[in-house]
Amino acid sequence: AGDPRECVRHPRGSRAREMGKKGFNRRRGGGGGGGARAAAQKEAEQYAELLELLRRHNESSEAERRRAKNRSRSVLALALALAERFDVPRASVALYDPAFSPVDVALLTRVLGCRAMTREASDAIAGDAATPRTTPTMFFMPHCEAWLYENVLRAHWGRAGREAKPPLRAHSFCGNTFETYVERWATRGGDPKRPRRVLAAAGLIGDVERGGIAVEVDPTGSFDGRGAFNDTSVMVAGGAGAALPEVSDDDDDESP
């Protein structure tokens, strides 16, 4: 029968200690180690994927910044080339962009010899209360919003059938092709926000027999500065010998 004390001690012996260790391991997760490792692996993979996405985003952002700089330099180079082609002194080249930094202004004025306009001076040319230019002017406005062209045209359109002095055809534009706006607004004739004078001016620019001019800057889209001159043209309104069409700002006006 053995020593009865052994029967008492046995459940607390080596077998009990082994069972206790297993229970302790299960409480710590040791017994379910496979699930924990899988969760940790998945978390690590998700973290790596996030880092890769961030890396690609940073590379894409940096590439876009480089492209934007190249576009800006290309546009500035065209402005200076046009000024040189038409014998416009650098001091008469006035530039404005709300994104200009102090370094940009210093480069334009001290190095290139141009004039950097203030916001107020720019508004006097293309703002809601734009005033007409008293001398023939090229409005260099690549990639501007349609309402800015509309403001310039309104200031030079004349009143009550009378031409402004000098007339609109004495000025020129370098900017978004006006004919493209005609295509965009073809199905929105009743929209009160449509640029009425831009649409009307597109017809005058297309009137080649009366002096209308439209020359695309980069017709094949092959320029190195991708997007620098997308849909950009040099334009002069025709209509010599004829009054400008009357254009109303009333919402019910149905200008072409």
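Figure 1. From the N terminus on, the elements of the protein chain run α-α-α-β-α-β-α-β-α-β-α-α-β-β. That makes eight helices and six strands in the protein chain. The model is predicted. The protein chain has 256 residues, and 30% of them count as buried. Consider contacts between residues at least 6 apart in sequence: 65% of these join residues at least 24 apart.

Figure 2. The strands stand in the order 3-4-6-5, and their pairing is mixed. Which strands lie at the edges? They are strand 3 and strand 5 (213-216), each of which pairs on one side only. From one strand to the next, the twist averages 15°.

**Figure 3. Strand 4 and its two partners.** Strand 4 covers residues 172-176. Are its residues mostly covered or exposed? Mostly covered: five of its five residues are buried. Strand 3 (residues 138-141) runs parallel to strand 4, and four bridges join the two.

**Figure 4. The surroundings of Phe173.** Phe173 counts as buried because its relative accessibility is 4%, under the 20% limit. Which residues does Phe173 touch, leaving out those up to four places away in sequence? Among them are Phe139, Met141, Tyr149, Val152, Leu153 and Leu168. Phe178 is also on the list, as are Ser233, Val234 and Met235.

Figure 5. In one of them, the ring centres of Phe173 and Phe178 are 5.5 Å apart. Ring pairs link Phe139, Tyr149, Phe173, Phe178 and Tyr181 into a cluster.

**Figure 6. Arginines over aromatic rings.** Where does the charged end of Arg184 sit? It sits over the ring of Tyr181, at 5.4 Å from the ring centre. Tyr181 is also one of the residues in the aromatic cluster. Elsewhere, Arg85 lies over the face of Phe86, and the distance to the ring centre is 5.5 Å.

**Figure 7. The largest nonpolar core.** How many residues does the largest nonpolar core have? It has 27. Those with the most contacts inside this core are Met141, Leu153, Trp157, Phe173, Phe178 and Tyr181. Several elements give two or more residues to the core: helix 5 (119-126), strand 3, helix 6 (146-156), helix 7 (178-184) and helix 8 (196-205). Helix 8 gives the most, with seven residues. In soluble globular proteins, nonpolar side chains tend to be buried together.

Definitions and conventions. Residues are numbered from 1 along each chain as its sequence is written. This is a predicted model: local features need pLDDT of at least 70, side-chain atom pairs count only at pLDDT 80 or more; totals for chains, interfaces and linings use all residues. Side-chain values use heavy atoms; hydrogens and water are left out. Rings of Phe, Tyr and Trp (its six-membered ring) pair if their centres lie within 6.5 Å; planes under 30 degrees apart count as stacked, over 60 as edge-to-face and the rest as tilted. Buried means under 20% relative accessible area, exposed over 50%, partly exposed in between (1.4 Å probe, protein chains only). A charge sits over a ring if NZ of Lys or CZ of Arg is within 6 Å of the ring centre and within 35 degrees of the ring normal. Two strands pair if DSSP finds at least two bridges between them. Axes are lines fitted to C-alpha atoms, for helices over the stretch in contact, and angles run from 0 to 180 degrees between N-to-C directions. A nonpolar core is a set of buried Ala, Val, Leu, Ile, Met, Phe, Trp, Tyr and Cys residues joined through side-chain atoms within 4.5 Å. Contact means heavy atoms within 4.5 Å.
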